[in-house]
Amino acid sequence: MTTDNAAAMGNTDWEREPDPSDSLRTFGAVVQALREHAGLSRAEFAERVRFSKHTVESVELGRRMPDESFVERAEEVVGNTGALRKAARHLTRGEPGLAAWFRRWARLEKVAVSLCTYECRLVPGLLQSEGYARAVFDNSIPLLTDGQLEAQVSARLERQKMLYERPHVPFSFIVEESVFRRNLGGREVTRELYDQVLRLSAPRNVTLQLVPLEAEAHACLDGPMRLLEAPDGRRIGYSEGQQNGRLIADPKEVGLLHHRYDTLRSQALNPKDSRGLLERLRGEL
């Protein structure tokens, strides 16, 4: 089979990964390192593994899931060390519905022994109703396909299970009152949202505080944040912006975020008054 024919087969049989996983990126980096150690250019390597140069590049950048023939041929070319075969066993595709920059935090979230969230843009994902989540994703630019939207909504609702599956983990939420007044999705969606938030924040391990519109002091003007404590005692933070997210592990920086969050707790309404405000907002609809 010629390289061109193999390339055509590769382009037909393989699809670009919509959300490359960390394991795909790591595998690709290993392929590139071994190729370069063997003194081969991408074009030379592509000819030997009988796939196109474009396909080799996509694998090395973590954009494609390599099939078995690619792994076997690449192994032979780089010396049959077994490294690629072993690494390929651990390859996983991206997690559907979760942004690539959020996945590491989502994995930490599942095992955290405490979780704190401050939001000023929208209702936190862990508290969203299905209708509200659909309204959020329906406003995405560029527009999501029907399949992408369903995957996003499903992933968001799946994450919420931790609130009632982990009753001994404390969850703290501080949210701006203005977020609940936005009426995203319309009156019916907003009414359903209020009911959902009131229900999910009722258990003893879940605390919800609202920052009122008339608050004269505010410790978190730099934007939303998430904080958690890992099982080993480490404290980790996360901040998110336009098309990106940042995991924060530096103890000094995380300590500063905790200080800001604790200060905002004292500036926000207490949990009882926060629920009262939310109930009043619901009654106004």
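This is a predicted model: local features need pLDDT of at least 70, side-chain atom pairs count only at pLDDT 80 or more; totals for chains, interfaces and linings use all residues.
Trainee: Is Asn183 buried or partly exposed?
Mentor: Buried would take a relative accessible area under 20%, and exposed would take over 50%. Asn183 comes in at 32% relative accessibility, so the label is partly exposed.

Trainee: What is the phi of Asn80, and where is Asn80 found?
Mentor: Asn80 is found in the loop between H5 and helix H6 (83-88). Its relative accessible area is 44%, so Asn80 counts as partly exposed. Asn80 is a residue other than glycine, and its phi is positive, near 55°.

Trainee: Which residues does a cis peptide bond join?
Mentor: Go to the loop between helix H8 (130-138) and helix H9 (146-159), where you'll find Pro142. The omega to look at is about 0°, and the cis bond joins Ile141 and Pro142.

Trainee: What separates the C-alpha atoms of Pro167 and Pro203?
Mentor: Start with Pro167, which lies in the loop between helix H10 (161-165) and strand E2 (171-176). At 47% relative accessibility, Pro167 is partly exposed. Pro167 and Pro203 are 36 residues apart along the chain, and their C-alpha atoms are separated by 8.0 Å.

Trainee: How many disulfides does a search of the whole structure find?
Mentor: A disulfide needs two cysteine sulfur atoms within 2.5 Å. The sulfur of Cys220 has its closest cysteine sulfur in Cys120, 8.9 Å off, which is too far for a bond. Across the whole structure, the number of disulfides found is 0.

Trainee: Of Cys120 and Cys220, which counts as buried?
Mentor: The cut-off for buried is under 20% relative accessible area. Cys120 has 27%, so that one is partly exposed. At 3% relative accessibility, the buried one is Cys220.

Trainee: How many aromatic pairs turn up in the whole structure, and what kind is the pair of Phe45 and Phe70?
Mentor: The search finds 4 aromatic pairs. For Phe45 and Phe70, the ring centres are 6.5 Å apart and the planes sit at 65°, so this pair is edge-to-face.

Trainee: Which parts does the pair of Phe45 and Phe70 tie together?
Mentor: Both Phe45 and Phe70 are buried. Ring pairs also link Phe45, Phe51 and Phe70 into a cluster. Phe45 and Phe70 are 25 residues apart in sequence, so the pair ties together helix H3 (residues 42-49) and helix H5 (residues 68-78).

Trainee: Why does the pair of Trp105 and Tyr238 count as stacked?
Mentor: Planes under 30 degrees apart are what stacked takes. The ring centres of Trp105 and Tyr238 are 5.4 Å apart and their planes are at 25°, so the pair is stacked.

Trainee: How many residues apart are Trp105 and Tyr238?
Mentor: Trp105 has a relative accessible area of 0%, so it's buried. Tyr238 is buried too, at 2% relative accessibility. Trp105 is in helix H7 (residues 103-111) and Tyr238 in strand E5, so you're linking distant parts of the chain, and the separation is 133 residues.

Trainee: Which strands each supply at least two residues of the lining of the largest cavity?
Mentor: The count of cavities of 30 Å³ or more is 1, and the largest cavity holds about 40 Å³ of space. Tyr238 is among the lining residues, as are Thr117, Glu119, Met225 and Arg226. The strands with at least two lining residues each are E1 (114-119), E4 (225-229) and E5 (235-241).

Trainee: How many charged residues does the lining of the largest cavity have?
Mentor: Glu119, Arg121, Arg226 and Glu240 are among the residues that line the cavity. By class, the lining has 4 nonpolar and 2 polar residues, and the charged count is 4.

Trainee: With neighbours within four places in sequence left aside, which residues is Ser58 in contact with?
Mentor: Ser58 lies in helix H4 (residues 53-60). At 4% relative accessibility, Ser58 counts as buried. Leaving those sequence neighbours aside, Ser58 is in contact with Arg63 and Arg64.

Note on methods: Residues are numbered from 1 along each chain as its sequence is written. Side-chain values use heavy atoms; hydrogens and water are left out. On a 1 Å grid over the protein atoms alone, a cavity is a set of points where a 1.4 Å probe fits but cannot get out, and a pocket is an open set with protein on both sides within 12 Å along at least five of seven lines; lining residues have an atom within 4 Å of a point. Grid points are joined across faces, edges and corners, and a volume is the space filled by probe spheres set on the points. Helices (H or I, at least four residues) and strands (E, at least two) are DSSP runs, numbered from the N terminus. Ala, Val, Leu, Ile, Met, Phe, Trp, Tyr, Cys and Pro count as nonpolar, Asp, Glu, Lys and Arg as charged, and the others, Gly among them, as polar. Rings of Phe, Tyr and Trp (its six-membered ring) pair if their centres lie within 6.5 Å; planes under 30 degrees apart count as stacked, over 60 as edge-to-face and the rest as tilted. Buried means under 20% relative accessible area, exposed over 50%, partly exposed in between (1.4 Å probe, protein chains only). Contact means heavy atoms within 4.5 Å.
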